[in-house]
Each structure stands twice: as structure tokens, then as C-alpha cells.
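Let's take a friendly walk through a protein model, looking at how its parts pack together and where gaps remain inside.

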Amino acid sequence: MGANAPAGTLHALLERPQSAAPAADLRMAPTASSSTVGAPPQAQPVPAVTQAAAPLPAAASKPVPRPGASVLPPPSPQAGEGTAAQRMEALRTLAVACTQCPNLAAARAQVVFGQGSVEAALMIIGEAPGAEEDQEGRPFAGEAGELLEKMLKVMGLSMGAVYATSVLKCHPFVPGEPGALRPPHAEELERCLPYLAAQISLVQPKVIVALGAGAMHALFGGKTPMGSLRSQWHEVQGIPVMPTFHPRYLLRNDDVRERRKVWEDLMQVMERLGLTVTERHRSFFLKGA
Ligand code: SF4
């Protein structure tokens, strides 16, 4: 992604000049210069989750909204202190009280912040919580979550060993259609992305898996379908990102060839994580393909 990443994407946030916002700004996370988006973050402190959000700098020609300005607390003397786990909990505390999207905040059962280990080598990011996640308060709940757990198990991992979250932390409901899930609005993403940026910064995973085209569009902009995005490495905050189909897609399309595609992506992730990929792994979902 270049300097023209769309507003409302993680890259757009990270593209903003580092000098224009304090290093401790929740929304800036590890920053990249305007010309080096995607380059490894330089040694710098993890964002202080208790710091106030300073205004985002204006884009070249158009003012940028100020996500977080109304909800984040003023600077604290303790800003920047504590372990990653403590700072993640402080961030969670901010998120569960967040009302920047008044409609979502009023309708949600719970903020679906994220779960797992802050020391995880693998971070899994979906687009937004569905109705089941909203009720349970955890990402990847329900049948899709069960399928994800099965895939992780075959990789030699578990939900407790990874860090799972979504770009949007509140369920984007459809009025009058209980249980329906709509794509997040751009302004909702713009407000919520700072939380994800801080989560990535705190976990510093070796690899990110982006589940579903919606997650990729929120991270990188554009509307490229998952069929064209998957199987190739992307990068955010210097961390390799592998996009693949969301388990919900696999549940809707019960086709072994689609499962094989996801599995091929996950084998690439395993190799990047240094996990052993056996011949048995390589043969999964090949029968009938
Ligand atoms: S979606 Fe994100 S920014 Fe909007 S109210 Fe929920 S936590 Fe806050």
C-alpha cells in the first residue's frame, strides 16, 4: 500500500507521519513513515493505552476525523508502564466503555475485544463480531469458531495459544433483522482501528491471519475479492499477513476444494511460524479435489 491508502484502513492510520502524533498515542501503534508503510517498526515503546488520543494529523488535502478523541482518557502518569498483559487489559477497559459508535454501543450485548495470549506468535483477525460473538463476548464463537478451533488443532495450536480479535469490536447489526451481519461502515472502522493497531503492537505476533475479505479490506483498503488476495503474503506494521477465507465461508460453501485452499494458506502460516508441516498435513483435503 502506498501513501494513498484509503481513510478507514489500518494502513491509512499507520501512514500518517509519526512526527504529527505522540509515540504514546493509542492510535499510532508502531508507526511507519509515509513512504515506508509495511516496513518493520523501529524500536519504540508499545503505545500507552492510558494516554489520551491526540488528534490525528490531517491528510494532505482533507481533514481526517478524530477517532477516539471523545472516549480516551487524559494522559496518566502511569502511561507506558506495566506488562503487555496489563496494558492489554487497560486497553480492554477502554474498549468496553467505548461509545464512539452510538448506535452500535446502544445495541451491543458486549464489546468483543479479543482473547488469547498476548505472547502469541499467531494473531487471527476477523472483520467484525456476529450475533453469536456479541452474545458470548468472544471472537469466533459458534460454528465458525468451532471450525477455526479444529483448523488450529491440526496446526498444533489452540485458541488459547493464539490471539484472536476483529477489526470492529462491536456487532454491526442490521435494524429489524436480528442476527444479521452487515459490513462495517467506513467511519466505524476509522473509530475502531486504533484499538486493533494497539493490540497488534502489544502482541507483536510473528504472523497475522486475516480471515475474510472484509478483514483484509479494513486493513488494506480496496475491494479485491478473497480469491485474488489469498495465498499471498501481505504486511502490516512489518508483520506478515496471510489472508484466507473466513470459516463462515467454508460453512456456507461445503466444498472440499475450498477447504483445501484455506489449508494451503494455513500451511504457509505454519512454515512461517516454524511449525512442522508433515506429509500428512500436505495431503489434507486432496481426496476428491
Ligand atoms: S465499534 Fe469500536 S469504536 Fe465503535 S463503539 Fe465499538 S469499540 Fe467503540
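At what angle do helix 2 and helix 6 pack, and how far apart are their axes? Before the answer, a word on what you see: this is a predicted model, in which local features need pLDDT of at least 70, side-chain atom pairs count only at pLDDT 80 or more, and totals for chains, interfaces and linings use all residues. Residues are numbered from 1 along each chain as its sequence is written, and side-chain values use heavy atoms, leaving out hydrogens and water.

Helix 2 (residues 84-96) packs against helix 6 at an angle of about 170 degrees, and their axes are 10 Å apart. Helix 2 is therefore roughly antiparallel to helix 6, a term for angles over 145 degrees. Here helices are DSSP runs (H or I, at least four residues), numbered from the N terminus. Axes are lines fitted to C-alpha atoms over the stretch in contact, with angles running from 0 to 180 degrees between N-to-C directions.

Which residues meet? Ala84, Arg87, Met88, Leu91, Leu94 and Ala95 of helix 2 meet Tyr195, Ala198, Gln199, Leu202 and Val203 of helix 6, where contact means heavy atoms within 4.5 Å. By class, this contact has 9 nonpolar, 1 polar and 1 charged residues.

Now turn to another pair. Helix 5 (residues 142-155) and helix 10 (residues 256-273) have axes that come within 11 Å and cross at roughly 45 degrees. That angle is why helix 5 counts as oblique to helix 10. On the helix 5 side, Leu147, Met151, Val154 and Met155 take part, and their partners in helix 10 include Trp263 and Leu266. The residues of this contact divide into 9 nonpolar, no polar and 1 charged.

Finally, look for the gaps. The structure holds 4 cavities of 30 Å³ or more; on a 1 Å grid over the protein atoms alone, a cavity is a set of points where a 1.4 Å probe fits but cannot get out, and lining residues have an atom within 4 Å of a point. The largest cavity has a volume of about 110 Å³. Of the 15 residues lining the largest cavity, Cys98, Cys101, Arg108, Cys170 and Cys192 are the closest to its centre. Helix 6 returns here, giving the most to this lining, with 3 residues.

Note on methods:
Helices (H or I, at least four residues) and strands (E, at least two) are DSSP runs, numbered from the N terminus. Angles under 35 degrees count as roughly parallel, over 145 as roughly antiparallel, 65 to 115 as roughly perpendicular and the rest as oblique. Ala, Val, Leu, Ile, Met, Phe, Trp, Tyr, Cys and Pro count as nonpolar, Asp, Glu, Lys and Arg as charged, and the others, Gly among them, as polar. On a 1 Å grid over the protein atoms alone, a cavity is a set of points where a 1.4 Å probe fits but cannot get out, and a pocket is an open set with protein on both sides within 12 Å along at least five of seven lines; lining residues have an atom within 4 Å of a point. Grid points are joined across faces, edges and corners, and a volume is the space filled by probe spheres set on the points.
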